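Trainee: Can we go through this entry together, by question and answer?

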Amino acid sequence: MQRIGVFICWCGSNIAATVDVERVSEAIKSEPGVVFSANYQYMCSENGQQLLRNAIKEYHLTGVVVGSCSPRMHEATFRKAAEAEGLNPYMVEIANIREHCSWIHKDREEATEKAIILVRTAIAKVKLNAPLTAGESPVTKRALVIGGGIAGIQAALDIAEAGFEVDIVEKNPTIGGRMAQLDKTFPTLDCAACILTPKMVDCAQSDKIDILTYSEVEDVKGFVGNFKVKIRRKARFVDETKCTGCKICMDNCPSKKGLNEFNMNLNNRPAIYIPFAQAIPNVAVIDPEQCLKLKSGKCGLCQKKCGVGAIDYTMTDKIIEREYGAIVVATGFRPINIDKFNEYGYSENKDVITSLELERLMNAAGPTNGVLLRPSDNTHPKVITFIQCVGSRDLTDCGKPYCSKICCMYTAKHAMLIREKYPDTEVHVFYIDVRCPGKNYDEFYRRACEQYGVDYIKGMVGKVYNQNGKLMVQGSNLIENEQVTIPSDLVVLATAIEPEPSVRKIATLLTASIDTNNFLTEAHPKLKPVESPTAGVYLAGVCQGPKDIPETVSQASACAAKVIGLLVKDSLKTNPCVAQSDESMCNGCSQCANVCAYGAITYIDKEFRLGGGKTETRRVAYVNPAVCQGCGACTVTCPSGAMDLKGFASKQIMSEVEEICRK
Amino acid sequence: MLKIKVQDLNKLFDAISEKEPLYMPLEKAGEANYGLYKTGEKTALDVLKTVKSAKDLFFPQSETIVKFKTEGKNITVEDIREEVKPFVLFGVKACDFKAFEVLDKVFLADPVDTYYQAKRNACTVVTFACRRPEESCFCKVFGIDAANPVGDVTIWKDDENLYWRENTEKGSKLTESVRYLFAEGGEKDVQNQQEETRKIIEKLPFSSLDLSYFENTEMMDIFNRPEWQKLSEACLACGTCTFVCPTCQCFDIREFKASNDQIIRYRCWDSCMYSDFTQMSHGNNRTTQMQRYRQRFMHKLVYYPENNGGLFSCVGCGRCVNKCPQKLNIVKVVKTLGGKKDD
Amino acid sequence: MTKQNQIENITRLSGTDPKKCMKCGKCSGRCPAYKDMDIKPHQFVMYLEKGKIEKLLASKAIWNCLSCMECVERCPRGVAPAGVVEAVRDTVKRAIGGNGIKAEDIPPIVDEFIPQQLLVSAYRKYNK
Amino acid sequence: MNKVEELIVKRARELLSSKEVDKVIGWKKGEFYFDPSPAVFTSEEELKDFVYNGFCGANLSKYLVQELKKGGKIAVFLKPCDTYSFNELVKEHRVDKNAVKVIAIECQGKLDIEKIKEKGVSAVTETEENGEEVIVSSLYGSAKFRKEEVLLEKCLTCKSKKFAVADETIVVNEMKETANDRFSGVEELERMSEEERFAFWKGELSKCIRCNACRNVCPACTCVKCVFDNNASGMATKAPADTFEEQMFHIIRAYHVAGRCTDCGECSRVCPQHIPLHLLNRKFIKDINRLYGDFQAGEADEGKNPLIEYTEKDADPTAAVNGEVRHA
Amino acid sequence: MQEVTEQKKEYVPTIVAFCCNWCSYAGADLAGSSRLTYPANVKIIRVPCSCRVNPMFVLKAFQRGADGVILCGCHPGDCHYVTGNYYTRRRMSLLFSFLNYMGIEKERTRVEWVSAAEGAKFSAVMNDFAKKINELGENKRLQDLRVKEERDE
């Protein structure tokens, strides 16, 4: 038999002025199951709580209803008080008779009647409450960072700094990412390598960080605190532990036709190569598509020349399995494919290049050793025209609807650097808007105009065509209301960026949601900007949305803080108000898993006894209580009602409905 | 014998319904079912088979038995039984009328079901002879004469007249109240119609159905026949056959919480086809659809006759033959099992 | 027809939503007839957006537009400046009444060098 | 014996004799020409009773659920509309498609014996389809009908003669798509006033006897335990004890299959009271098509149905109910 | 509003409002702390997310004598559980359209998006909804007569 205690709070005069609290307590007394009914001036006060605790003890209460302010205010207070007296905290329900009653009604009679109904409703619910216990799950004190760009590096360094082990999985042969390809960075114009490579070295030297380059995440199982991840270590054909990075193999490799990805395919590299001088790890890798030995079995020169015997042509992909408590996704971006924009003639003219290609052409370690030469004839371009918003803010099939955010600034940077290094060069920039919100950003752009004399033209380019070796850039000058044609030597396209496509697979593995542009979705756009909806998964860098280096680094550090906050715990308390499937009724249709935003639902084959010695194996849903957030979306999707939500069970809600409608 | 022109029938219905509630086949949303006649209502006397049988009038699909009221810790039981006012049930076919006999043996046997009894006693039954039985009919197999049903009053109808014969005292009382609408005569017409009808019945495909196997075979032998498996294979476990059946009498007792302090206990038709049929706290003694399917026919053809002097609890109305979604029915069962008597 | 009706009518005929224009000028940057147009393609969209249709109705550019559709093709926001040009031209044409080209006049002037497309485009342009 | 039936039986015989399958689900002849029942055939001998004629309206796909539990490989004969149900069952893991051989068979629309009887023809012995005509032979002679007079409701508004899935097909004559709009019935109701609609449904649903035939025949209704049978669900009902229970049963039944209902029309076919249940299901289908884009459940054996899917730009409920919005 | 209530004093409709914990319930709290009134016949049931509301709850409310049912959730895109209210939106669009198709007055059901900051909106929505339900009067098309009998006693 239920023994329910009801406590009506006056909240000073906040409730008592409009609700006749005495009448409410009196009316509730006769409710079946109610053994104690009282009212008190301030239930949340020390004395009020003591009243509650005493009643629990004295009347052996099995359930408590407090008619007071919003549960959002003091539910936790009263639950704690009940728990202190040995009553399960989830046996406490709040009837909101302040915000939802006394404060909004003027008529005392009306408000009192409503308060009685609200309290009765809470009683009806508490009668069906079940004691709930928060589960605990242990935390594996190791983090995984997917992506070894600046975001991943920063997150890993911060996590390692706090004393936790962290693995970086990078699909390329080296960490460094896009930032390693950049020449200078805005708005300070310091060299990217100078600020990035020390961090890369820190990673390599940290005894807490394990760098797994040339590797990809293959499978993810588990949940927050307990991820089990399979990582594919692609065959490098070079023993990482032996290679010293001496580059003798590179010099001797006869196959030199491989395109140099690091230099945006602007020049070639051998089949065995180290992507760039400061690569971490500084270990060679064999491109199996180019290697003569691997393709035809004839060669083996590098193996012969290698002084430490690091080359192994028989190497195969290996799958390793590791456990993690938290995962940071930092998969980064790539420039979009602009072949379809035939108005800019990118595929026809060698001298129409993307901004990232320009970065390499200006970089001292690039294909031209830092001397700006145009690709077609290796001459100095005298007139350079930049076109902004190529593919950004573009609703056609070729482009992206969003602003890529970084192009305005890097274009200003490029223009400025060129004007500084080659003052005889004429630089034009076609723009739609120049967007430079950020510390010292607008000042930077103005400097390009004012100090460096870059010609900014408000308008878009309609056509780029080759006329007698000159690139004719025809576009609008909207301010002058003129159509202009600028004969140029080099055209640089500020190409839109998009998330690195491999993020799709990773999102699926992590059940992290993705938006229509393939950016990972954050758990809340304002309040949880670095968390993914999947607990224990965090987002850093462009994989979540376009951003520049300072923002990326901030987000990475924020991720790290979140990860550290998670990993310092020995175990995680789980919210007990989670969904649960009644396996005897579940038929495994999978509809519930489809609506779960957290990937909390999996399916298992379970054997059921049918009677008569017969058994039946059925696929049934299993909700991982550590992952479930308790929204209840699955419960409505389930036609049989096998799925229910603890603390907000269908029966409870229906009994509340019944009580409210009772007159 | 009395007769009345068919065009005057509505006058008859109005006259009866003025005195007592009149239940008869009415067409609602395209289907014929028994319902309370009101002036202007669309009657469906010519429909051979109403979807549901006439048993509803005595044994409705859902019926409140008792109400409970709680007050604090007290529970009061409210007897909701009221005196049932006399009413007329009009147009019952011979098969449905025979079904009343089957139901009576269950509900009026000790302990008497007073809910059923009250309605049964209050009712004047006007039976209606069939004129054009159809291929799913097989009442003859159960010794029913569709051309000459009994009841308190019997009527026949042709294209011109409705003929009226009172059989009992109750019938006479009813006749008296509407006598002014009738003329004398019609014996010859009725006789001719009866002969015609009986001729049709002879020719009906199921009229020769042989039930002797069920009368002469050991119960367990029938029960254990392997054919039950195949017979029941296509059964969807819906309750159509049981709910359209005039003799099915199983019911479930359920409760409905009308408010926090008021519980209504009611009974409603149950079906042996349902998985919770005869569910008990330990579970269910029939766990497969085959068992439930077998139960239905064993009950109709074996158990019931065993307890009731050989009376089958099927009257051959053929509703299940027409209505089974997958065309399973008692005829197929009888033929499959009865055809191999020598086994 | 009130001015508002006229604006709505032109908008409807043009099949384009001028509010979608982000004022990048790519249409005018591409227009091959730019020099001959007194009102430029991007201005057509802007004037329509601002409701300044009397300027549009008075423009000569509606006769100079080649209907090459480059502006439509290139617009990153799915706006159709040529659609606006055509809508204005139709409005003007309908106000004048009568057709600019009569079908019976065509055969005598057609020779084998006239591309079919020219005829189609001329019909579009000068007939109501 | 018609040509299609001949080929079907031949194929069934091959499959059983070669042991390629352990059983075949098809139709078995009844007492009359017009009452074949679904049946499982396990031997060549049993196949002598196999029929496939104008009265084989039953959708066999749902029988796979129970038969597969018994084990073995099964060949099933599915008409075009039934193939959609099959896909839906696969999608929801009720049926393992690897254990099933789907033989998709020709269907020119199935006949409604009750409609034929209403036309005064009884004791039907055979039917023959001849283009748009049906010749019904009975003990009392033969009669000719236009097909639309005697087709099952579900076949009058057949959604497609395409097979959504087929391991093999048996088609002799070309199957013509019907020109009838399956949503016209829904539209007619939508045009009525609320009062008229209420009166219509009140009349229809008051006939309901809660026999559960509509639910039990439905290939989308395969719950281990239905909410209506589950006393713990708070929604259990066994009889239409009050008009509310009639409404609730049909609202929840239709809602639970919304987005999963392939519009196979079995519910309307089996209703002993001829309640036009398809008009309930089709309302959901029509609204889904209107609000979220055309969707045909069972077109594929994977993917999400519209109720477990969303887009950020979905219509707001008020606008959706007012009919102001349409999927772009 | 006040006038309408007085005119129809003989019948006070019952209104059930399902509010999601994170936005609408908090919005209702804000309405309370801002002392923004709405009729007392509106009673709120707290659910974690609007997507917890099963159509069966809505029907249950009508069965038990509710005259109007309103669901409030976070604005689409702001759901605490990321996607919950997107499902609600589809479910309730279809359900309410269906109820209307069955002849139930479409004004008796409603979905509104109310954020935690929109106390004023909450109160306005409830006032408006209550007014509509008052105008419609007693729900007679979707009710259980057994329950009604007991209520009226």
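Trainee: How many bridges pair strand E1 with E9 in chain B?
Mentor: This is a predicted model, where local features need pLDDT of at least 70, side-chain atom pairs count only at pLDDT 80 or more, and totals for chains, interfaces and linings use all residues. Residues are numbered from 1 along each chain as its sequence is written, with chains lettered from A and ligands numbered from 1 in the order in which they are written. Strand E1 (residues 2-5) of chain B runs antiparallel to E9(B), and Ile4(B) has Leu162(B) as its bridge partner there. Strands are DSSP runs of E, at least two residues, pairing takes at least two bridges found by DSSP, and E1(B) and E9(B) have 4 bridges.

Trainee: How many of the residues of E9(B) are buried?
Mentor: In a regular strand the side chains alternate between the two faces of the sheet. From E9(B), Asn161(B), Tyr163(B) and Arg165(B) point one way, and Leu162(B), Trp164(B) and Glu166(B) point the other way. Buried means 20 or more other C-beta atoms within 10 Å of the residue's own, with C-beta atoms placed from the backbone. Strand E9 (residues 161-166) of chain B is mostly covered, and the buried count is 6 of 6.

Trainee: Which strands stand at the edges of the open sheet in chain D?
Mentor: The sheet has 3 strands in the order E5-E6-E7, with antiparallel pairing. Each edge strand has a single partner, so one side of it is left without a neighbour in the sheet. The edges are E5 (124-130) and E7 (141-146).

Trainee: What is the bridge partner of Glu128(D) in E6(D)?
Mentor: E5(D) and strand E6 (residues 133-138) of chain D run antiparallel, joined by 6 bridges. In E6(D), the partner of Glu128(D) is Ile135(D).

Trainee: How far apart are the C-alpha centres of domain 1 and domain 2 of chain D?
Mentor: An automatic or database assignment sets the domain bounds. It divides chain D into domain 1 (3-110 + 156-170), domain 2 (111-150) and domain 3 (184-321). The centres of domain 1 and domain 2 of chain D lie apart by 25 Å.

Trainee: Which residues have the most contacts inside the largest nonpolar core?
Mentor: A nonpolar core is a set of buried Ala, Val, Leu, Ile, Met, Phe, Trp, Tyr and Cys residues joined through C-beta atoms within 7 Å. The largest has 477 residues. Its largest share, 10 residues, comes from helix H5 (residues 108-127) of chain A, a helix being a DSSP run of H or I, at least four residues. Most contacts inside the core belong to Val119(A) and Val328(A).

Trainee: Which of the 7 pairs of chains in contact share the most contacts?
Mentor: Contact means C-beta atoms, placed from the backbone, within 7 Å. Chain B and chain C do not touch, their nearest C-alpha atoms being 48 Å apart. Chain C and chain E have no contact either, with closest C-alpha atoms 23 Å apart. The most contacts are shared by chains A and E.

Trainee: Which helix gives the largest share of the side of chain C that touches chain A?
Mentor: The contact takes 15 residues from chain C and 19 residues from chain A. The largest share of the chain C side is 4 residues, and they come from helix H2 (residues 26-30) of chain C.

Key. A residue is buried if 20 or more other C-beta atoms lie within 10 Å of its own, exposed if 12 or fewer, and partly exposed in between; C-beta atoms are placed from the backbone. Two residues are in contact if their C-beta atoms, placed from the backbone, lie within 7 Å.
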